[in-house]
Amino acid sequence: MADVAVRAADTRTLILDAGRSRLLADGYGGLSTRKVAEEAGVPLSQLHYHFGSKQGLILALLDVENQRRLARQQRMYAEAAPLWQRYEHACDFLEDDLDSGYVRVLQEMIAAGWSNKELGDAVRELMGGWFALLGDVSREAEQRYGPLGPFTPQEVGTLVGAGFIGAEALLLLGFDREILPIRSALRRFGLVIRNLEEGRAGSGRAGSGRTDDAGKSADS
C-alpha cells in the first residue's frame with residue numbers, strides 16, 4: 001500500500017509540474033489537458049483521476065504556487081529587519097513572480113473568475129491569505145508607531161495589496177516606466193514606511209537624494 005501511495009504522489013507531482021510548464025507556455029485559455037498528460041508522460045486518464053478536470057488541475061496548480069509564495073512572504077515579514085526593508089523585499093519578489101509567469105497566471109485566473117463562480121470563489125480564498133498577511137503587518141506598524149493616519153490596519157493592508165495587484169495587471173499589459181512610473185511608485189511607498197519608522201513623517205527630511213535613490217533602484 002505504501003508503494004501505491006508513493007507512486008500516486010509521484011504521478012500527481014509529474015502532472016502538476018507539466019501543468020505548470022504548459023500553463024506558463026500556453027496560458028489559461030490555451031491549456032490542453034492532453035498536452036499536459038503527454039508532457040508528464042502519463043495517460044490522460046491519470047490526470048482526470050487526480051484532478052477531475054482542466055479546472056481542477058488549474059486550481060490545484062494555483063493553490064500550490066500560492067502557498068509557496070505566501071510562505072515565502074510570511075518568512076520575510078517575520079524577519080527582524082525594519083519594515084521598510086521588508087517592503088522593499090516584497091517589491092523584489094514582484095519582479096521574481098513576473099519573470100516566473102506566476103503573476104500572469106494569477107491575473108488570468110482573476111479574470112476567469114469574473115464569469116466562473118467556482119473559480120472566482122477559489123481565487124478569492126487563495127488571495128485572502130495575502131490580504132490577511134498585509135493586515136497583520138499593518139497592525140504591527142500601528143502597534144509600534146501609533147495611528148496610521150485615518151486608516152485602519154485592514155484598510156492599509158487592502159490598499160497595499162490592491163496596489164500590487166493593479167500594478168501587476170498594468171505591467172502585464174505592457175505599461176512601463178516610459179508611460180507610467182509603476183515600479184518607482186511602488187518602491188517610493190517604501191519611503192513613506194521608512195519615514196514613519198524613523199519618526200520623520202511629514203518633516204521634509206526625506207530629502208531629494210533619498211527620493212532619487214529610490215527612483216533609480218526602481219527603474220534600473
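I shall begin with the overall fold, and then turn to individual helices and residues.

What you see is a predicted model, in which local features need pLDDT of at least 70 and side-chain atom pairs count only at pLDDT 80 or more, while totals for chains, interfaces and linings use all residues. Residues are numbered from 1 along each chain as its sequence is written, and side-chain values use heavy atoms, with hydrogens and water left out.

The secondary structure comes to 10 helices and zero strands. Here helices (H or I, at least four residues) and strands (E, at least two) are DSSP runs, numbered from the N terminus. Of the 220 residues, 42% count as buried. Buried means under 20% relative accessible area, exposed means over 50%, and partly exposed lies in between, with a 1.4 Å probe and protein chains only. Contact means heavy atoms within 4.5 Å. Among contacts between residues at least 6 apart in sequence, 62% join residues at least 24 apart.

Let us now consider the interior. In soluble globular proteins, nonpolar side chains tend to be buried together. A nonpolar core is a set of buried Ala, Val, Leu, Ile, Met, Phe, Trp, Tyr and Cys residues joined through side-chain atoms within 4.5 Å. The largest such core in this model has 54 residues, and I15, L57 and Y77 touch the most other members. Helix α7, residues 117–145, supplies the largest share of this core, 10 residues.

How is helix α4 oriented relative to α7? The two pack at an angle of about 0°, with their axes 11 Å apart, which makes α4, residues 54–77, roughly parallel to α7. Axes are lines fitted to C-alpha atoms, for helices over the stretch in contact, and angles run from 0 to 180 degrees between N-to-C directions. Angles under 35 degrees count as roughly parallel, over 145 as roughly antiparallel, 65 to 115 as roughly perpendicular, and the rest as oblique. The residues of this contact divide into 12 nonpolar, five polar and three charged. In that count, Ala, Val, Leu, Ile, Met, Phe, Trp, Tyr, Cys and Pro are nonpolar, Asp, Glu, Lys and Arg are charged, and the others, Gly among them, are polar.

L133 is buried, with a relative accessible area of 10%. Beyond its neighbours within four places in sequence, L133 contacts L70, Q73, Q74 and Y77. The C-alpha atoms of L133 and Q73 are separated by 8.5 Å, although the two lie 60 residues apart along the chain.

Next, helix α2, which covers residues 33–40. Which of its residues are buried? They are T33, V36, A37 and A40. Seen down the axis of α2, these residues fall within an arc of 95°, so they line one face of the helix; the arc is that of the directions from the helix axis to the C-beta atoms. On the other side, R34 and E38 are exposed. Just after α2, G41 takes a positive phi of about 75°.

Finally, L23 belongs to helix α1, residues 2–30, and is buried at 4% relative accessible area. Apart from residues up to four places away in sequence, L23 touches Y28, L31, L61, R104 and V105.
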